[in-house]
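Please read it with the sequence and the coordinates at hand.

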Amino acid sequence: MNDLSANRLKVLAQIQMAAVAAGRDAETVRLIAVGKTFPAADIATLYRAGQRDFGENYIQEWQRKAQDLRDSCPDLVWHIIGHIQSNKSRVVAEQAAWVHTLDSVKLARRLSHQRPSHLPPLQLCIEVNTSASTAKHGVAPNEVMVLADEVAALPNVCLRGLMCVPTADNREQTVAEFALMRDLLAGLQQKYHQVDTLSMGMSDDLADAVAYGATMVRIGRAIFGSRS
């Protein structure tokens, strides 16, 4: 077994432990392997080991990888977890399965309009700026429902849940933001029954994220290693 496959199994074991500790079924937590800056060959290795969900931050880098892997990894599921500029929305709408970083009505409408009708709806998560940081993307917590109502009315896309990037290096604050996300999701679910996704948790805060209801964890370093 190579290092990447072994690292993936370690992360899956961490998810299992965190889920058991939280009284949850580990099958309800989906691992997104984040390959930012790493080559398509590494993704292919993980694909052969059974990984299917992959997250990418940078659209141009993702496009190159998607092209390289199109034939050899036919059922690979691409999750866009980085900010999407307007001029990059078409390729996302045409080739991605998930977008975790929806942060405006304008982007939602572009993705809806550009999503080919023969494809399944593009699955969308609203990015929430839980720390109110001006350096981060996402909508304020009190704006979530307004955006959700707009998205839910659009064709060719499906509102699935929420995503956040919490405050780093402050566990108390991170946990508070995870708790906020859990409550925001519960509010959305009262109105929209298809909403079932909480995308939060990375290599350093995976266990806390699972404890507060994460259904997708986005893991890069713990699988691929440190980025150069």
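## Surroundings of R160

Leaving aside its neighbours within four places in sequence, R160 is in contact (heavy atoms within 4.5 Å) with W98, Q123, L124, Q194, V195, D196 and T197. R160 is found in strand β6, where strands are DSSP runs of E with at least two residues, helices are runs of H or I with at least four residues, and both are numbered from the N terminus. With a relative accessible area of 18%, R160 is buried; buried means under 20% relative accessible area, exposed means over 50%, and partly exposed lies in between, with a 1.4 Å probe and protein chains only.

## Basis of the model

This is a predicted model, in which local features need pLDDT of at least 70 and side-chain atom pairs count only at pLDDT 80 or more, whereas totals for chains, interfaces and linings use all residues. Residues are numbered from 1 along each chain as its sequence is written, and side-chain values use heavy atoms, with hydrogens and water left out.

## Helix α2 and its surroundings

Helix α2 (residues 40-48) is mostly covered, since seven of its nine residues are buried, namely A40, D42, I43, A44, T45, L46 and Y47. These buried residues of α2 pack against α1, β2 (53-56), α3, β3 (77-80) and α9 (221-224). Just after α2, G50 takes a positive phi of about 115°.

Two packed helices are described by the angle between their axes and the distance between the axes. Here the axes are lines fitted to C-alpha atoms, for helices over the stretch in contact, and angles run from 0 to 180 degrees between N-to-C directions. Helix α2 and helix α3 (residues 59-69) pack at an angle of about 50°, with their axes 10 Å apart. The two helices α2 and α3 are therefore oblique to each other, given that angles under 35 degrees count as roughly parallel, over 145 as roughly antiparallel, 65 to 115 as roughly perpendicular and the rest as oblique. The crossing of α2 and α3 is right-handed, a crossing being right-handed if the near helix is turned clockwise from the far one by less than a right angle, and left-handed if anticlockwise. In this pair, A40, I43 and A44 of α2 meet K65, D68 and L69 of α3. The residues of the contact of α2 with α3 divide into four nonpolar, no polar and two charged, where Ala, Val, Leu, Ile, Met, Phe, Trp, Tyr, Cys and Pro count as nonpolar, Asp, Glu, Lys and Arg as charged, and the others, Gly among them, as polar.

On the contact with helix α1 (residues 3-21), the axes of α1 and α2 come within 9 Å and cross at roughly 60°, and α1 and α2 are therefore oblique to each other. The crossing in which α1 passes α2 is right-handed. L4, S5 and R8 in α1 meet D42, T45 and L46 in α2, and by class the contact of α1 with α2 has two nonpolar, two polar and two charged residues.

## Salt bridges

A search of the whole structure finds eleven salt bridges, each being a side-chain nitrogen of Lys or Arg within 4 Å of a carboxyl oxygen of Asp or Glu. One of them joins the side chains of K65 and E56 (3.0 Å, N to O), and both K65 and E56 are buried. Another joins the side chains of D208 and R171 (2.8 Å, N to O). D208 lies in helix α8 (residues 206-211) and R171 in helix α7 (residues 171-191), so the pair ties together parts that are 37 residues apart in sequence. D208 is buried, with a relative accessible area of 14%, whereas R171 is exposed, with a relative accessible area of 61%.

D183 forms a salt bridge with R182, the closest N and O atoms being 3.4 Å apart. Both partners are partly exposed, D183 with a relative accessible area of 46% and R182 with one of 38%. Elsewhere, salt bridges that share partners join E56, E61 and K65 into one network.

## Positive phi outside glycine

A132, although it is not a glycine, has a positive phi of about 60°. A132 lies in the loop between β5 (122-127) and α6 (144-152) and, at 64% relative accessibility, counts as exposed. N156, a residue other than glycine, has a positive phi near 70°. The place of N156 is in the loop between α6 and β6 (157-163), and N156 is partly exposed, with a relative accessible area of 29%.
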